[in-house]
Amino acid sequence: MSIPALGLGTFRLKDQQVIDSVRNGLELGYRHIDTAQIYGNEAEVGRAIAESGVPREELFVTTKVWTEHLGGGRLIPSLEESLAKLGLERLDLALIHWPSPGDTIPVAEYMNALAEARQRGLAQRIGISNFTIRQMREAIAAVGAQEIATNQVEIHPFLQNRQVVEFAHEQGLHLTAYMPLAYGKVMQDPVIQGIAAAHSATPAQVTLAWLLQQGFAVIPSSTRRENLASNQRASDLVLSEAEMAAIATLERGERLANPDFAPQWD
Ligand SMILES: NC(=O)c1ccc[n+]([C@@H]2O[C@H](COP(=O)([O-])OP(=O)(O)OC[C@H]3O[C@@H](n4cnc5c(N)ncnc54)[C@H](OP(=O)(O)O)[C@@H]3O)[C@@H](O)[C@H]2O)c1
């Protein structure tokens, strides 16, 4: 199975809210679930998966290794703990959530540990998240581009990350767009609203279609069943070249995920 193009994000969702969101998503037909060690919701995601009755082989579950687990032999034990919380024997995708803050731990060290986790069967695929061009180069040098299933980065109409996208395309690296709806901000944009009206669609559907048509996987999150259902229908929407180009003009360098330990962005 390749990475399903439409996944369900779970950042910020905790306790009953994440259980409900994942349960609703699975009932509606989502099969790709994105969590992370730092989200503190792997056990709840696991519970919702177990209760759904969806066969394991239909699911695609991603988690991400937190920065504190990159060194000191902690990476593999941390993934074993994630698997125990999720109630799974193997992840479909294990990502490095963020490069080591300040590059304290060399990229090659934790990429090799992640590759070992895959070899041991903890994850079917491995990948990276929030890696800059330099860090992508280092990751490729360490384990090879064919070993890196995706780089999960912030991409939406207001932050299109074009240098990263261009480099990834050159290297044949797949990209996953996180915060694809700019945490809901796309809903207020008049250009996106206009295109949505022309298609009798929602701004969220238009934005997701714009990303999907560029070949990115997308992982929007929602606490509302009706939004989960309508976001799914983005896959049916086809935007014209002119509409694609109009959304491309909305770039404004608006980065939403920018913690103090973030790398030096391209
Ligand atoms: N790798 C990383 O470092 C990283 C960083 C950030 C995020 N992520 C991943 O990316 C996922 C998505 O990012 P995100 O959750 O921050 O933001 P997002 O998906 O861009 O936006 C979510 C927001 O949009 C709203 N929304 C969703 N569908 C909607 C619709 N159809 N109509 C109106 N509003 C809608 C949601 O509100 P309602 O709940 O009301 O629908 C929520 O407030 C995360 O959950 C996480 O899995 C990864």
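Residues 6-250 of this predicted model are 44% helix and 15% strand, and their end C-alpha atoms lie 23 Å apart. In UniProt, an unreviewed entry lists that span as "domain: NADP-dependent oxidoreductase".

- In soluble globular proteins, nonpolar side chains tend to be buried together.
- Here the largest nonpolar core has 75 residues, and the members touching the most others are Val22, Ala94, Leu114, Ala139 and Val218.
- Helix H8 (residues 203-213) supplies the largest share of this core, with 7 residues.
- Leaving aside residues up to four places away in sequence, Val22 touches Leu8, Thr10, Ile33, Val45, Ala48 and Ile49.

**Helices H3 and H4**
- Helix H3 (residues 75-86) and helix H4 (residues 107-119) have axes that come within 9 Å and cross at roughly 45°, so the two helices are oblique to each other.
- The crossing of H3 past H4 is right-handed.
- On the H3 side, Leu75, Ile76 and Leu79 make the contact, and H4 contributes Tyr110, Ala113, Leu114, Glu116 and Ala117.

**Two positive phi values**
- Most residues other than glycine have a negative phi.
- Ala182, which is not a glycine, has a positive phi of about 50°; Ala182 lies in the loop between strand E7 (175-178) and helix H7 (190-198).
- Ser200 also has a positive phi, near 50°, and sits in the loop between H7 and H8.
- Are these residues buried or exposed? Ala182 is buried, because 20 other C-beta atoms lie within 10 Å, whereas Ser200 counts as exposed, with 8 C-beta neighbours inside 10 Å.

Notes
Residues are numbered from 1 along each chain as its sequence is written. This is a predicted model: local features need pLDDT of at least 70, side-chain atom pairs count only at pLDDT 80 or more; totals for chains, interfaces and linings use all residues. A nonpolar core is a set of buried Ala, Val, Leu, Ile, Met, Phe, Trp, Tyr and Cys residues joined through C-beta atoms within 7 Å. A residue is buried if 20 or more other C-beta atoms lie within 10 Å of its own, exposed if 12 or fewer, and partly exposed in between; C-beta atoms are placed from the backbone. Helices (H or I, at least four residues) and strands (E, at least two) are DSSP runs, numbered from the N terminus. Two residues are in contact if their C-beta atoms, placed from the backbone, lie within 7 Å. UniProt positions are given in the numbering used here, feature names are shortened, and annotations may be inferred rather than shown by experiment. Axes are lines fitted to C-alpha atoms, for helices over the stretch in contact, and angles run from 0 to 180 degrees between N-to-C directions. Angles under 35 degrees count as roughly parallel, over 145 as roughly antiparallel, 65 to 115 as roughly perpendicular and the rest as oblique. A crossing is left-handed if the near helix is turned anticlockwise from the far one by less than a right angle, and right-handed if clockwise.
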